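The following exercises concern the protein shown below.

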Amino acid sequence: MVGQRIRYYRKTKGLTQEELAQGICSVSYLSKIEKGDAKSSEEVINLLCERLGISPEEVDNNEVLELLNEWNLLMTSRKFDEASEKYPQVKEKVSSVRDPNILIRYKLFCSRYYLVLEDPDLQSCYTLLEEVKGFYEQLSPELRFYYYVFWGMYANYNNHYKEALEYLHSAENQYISNLKVNELDIAVLYYLLALTYNFLMRINSVTNYAYKAISIFDSEYNYSRSADCQVLLGISYRRAKNYSQAEFHLKQALKYSTSFKDDFLSGVIYHNLGYVNSCKNDNLQAIEYYKKSLLYKDSQSDEKKSNTLFLLATEYFNLEDYDKALNLIEQGFEFVTTGSEVYYHLTILKLRIEKKSDEFENLLVKIAIPFFEKRNIWEYVSKYSELLADMYFDQGSYKKASQYYRIANNGRKNIF
């Protein structure tokens, strides 16, 4: 609709309705044109378009629309290299387009593209999503679905998990309202919901959405995405202390990652298999898996490497091989920044080895436990509160011990 195009370009050029209408028509008439409520004259339309520097003629953009949807599907299917190769072609085709719906779709898909780059461009993603926010009222239900999904992805990248859930559930509500979008896009939405609930350690919600995602990914033969969901299920069942089910899902994921030669995912899976065996008190098997995870260290982020080093150090601590544990802790510190999650894990373990009880108590009470509480990371709130409670109990400080045992139990309740 030409009125929709006029509204889009007026807003992109920063013009008010008064400024655009001046000398051509009344503001109320322009408002009706933009909403599609007025039977506008050809002369008025031509004058408005001329002032905006656009053509009043509508163009068939089906070819560009198909190209955009194909590009988005590549990203949905995690074919990021192919998506990067196609980006220049998409950008060139869109450069001659004047249809606001196509341009908004392009901006939305570009915001996703910036998030899936090897080095995500969060600022460019945010800028585009903010631009699209200005046109929210004219978004179709389909584009609103993508708008919410990509805002959810952006919030997750910034560790704003509760905010991410609000966006993702808004996208889910769009879908529930008989919205027709690609099935893979729905599966990705379910995966993102499972992933976000995983960050918040809400086991039941993780499993609910992960199974929904798997059913679609498997039906579409998209097994690499199924593997991502299997990992989430493995983590959740480990947290629920159902270790056999956790291993089952992680080994299912490992079949896919090995088949597709996905080194990054294999490193993640071996890391989690190590954690499962650690929870089973099988220290030697855990060490073997953690070492396998580190074989893929070149494909891992610094944070993931440091976390694996911390867990490996923990196994040597449990075996009372403190020299090896301290050596691994120092290696881990090379990959972390002060005040990060893994930094606190490494520091706490080091203080336990060095038996510095005063520093250990101060760090947990004043810094570490509040840090994890603020971020709703209940697994570590529970773990470190219980460690602190055990220390107080051994010292005969039963009131303090009771306080932190209670915090630990409340933390466990929040996990489910």
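A residue is called buried when its relative accessible area is under 20%, exposed when it is over 50%, and partly exposed in between, with a 1.4 Å probe and protein chains only. The model is predicted, and residues are numbered from 1 along each chain as its sequence is written. Local features need pLDDT of at least 70, side-chain atom pairs count only at pLDDT 80 or more, totals for chains, interfaces and linings use all residues, and side-chain values use heavy atoms, with hydrogens and water left out.

**Exercise 1.** Determine whether Ile-45 is buried or exposed, and state which residues it contacts.

*Solution.* Step 1: locate the residue. Ile-45 belongs to helix H4, residues 42-52; helices (H or I, at least four residues) and strands (E, at least two) are DSSP runs, numbered from the N terminus.
Step 1: apply the cut-off. Ile-45 has a relative accessible area of 8%, and therefore counts as buried.
Step 2: list the contacts, defined as heavy atoms within 4.5 Å. Apart from neighbours within four places in sequence, Ile-45 touches Val-2, Ile-6, Ile-33, Ser-40 and Pro-56.
Step 3: examine a C-alpha separation. Gly-3 is 42 residues from Ile-45 along the chain, yet their C-alpha atoms are 8.5 Å apart.

**Exercise 2.** Describe the span of helix H5 and the packing of its buried residues.

*Solution.* Step 1: the expected span is 1.5 Å times one less than the number of residues. Helix H5 (residues 62-76) has 15 residues, and its first and last C-alpha atoms are 21 Å apart, close to the expected 21 Å.
Step 1: the buried residues of H5 include Leu-67, Leu-68 and Trp-71.
Step 2: the buried residues of H5 pack against helices H6, H7, H9, H11 and H13.
Step 3: after H5 comes Arg-78, with a positive phi near 65°.

**Exercise 3.** Where do Asn-159 and Lys-355 lie, and what is the phi of Asn-159 and of Lys-355?

*Solution.* Step 1: recall the general rule. Most residues other than glycine have a negative phi.
Step 1: Asn-159 has a positive phi near 65° and is placed in the loop between H9 and H10. Its relative accessible area is 51%, so Asn-159 is exposed.
Step 2: Lys-355 has a positive phi near 55° and lies in the loop between H19 and H20. Its relative accessibility is 69%, so Lys-355 is exposed.

**Exercise 4.** How many helices and strands does the protein have, and what share of its residues is buried?

*Solution.* Step 1: the protein has 22 helices and zero strands.
Step 1: of its 416 residues, 51% are buried.
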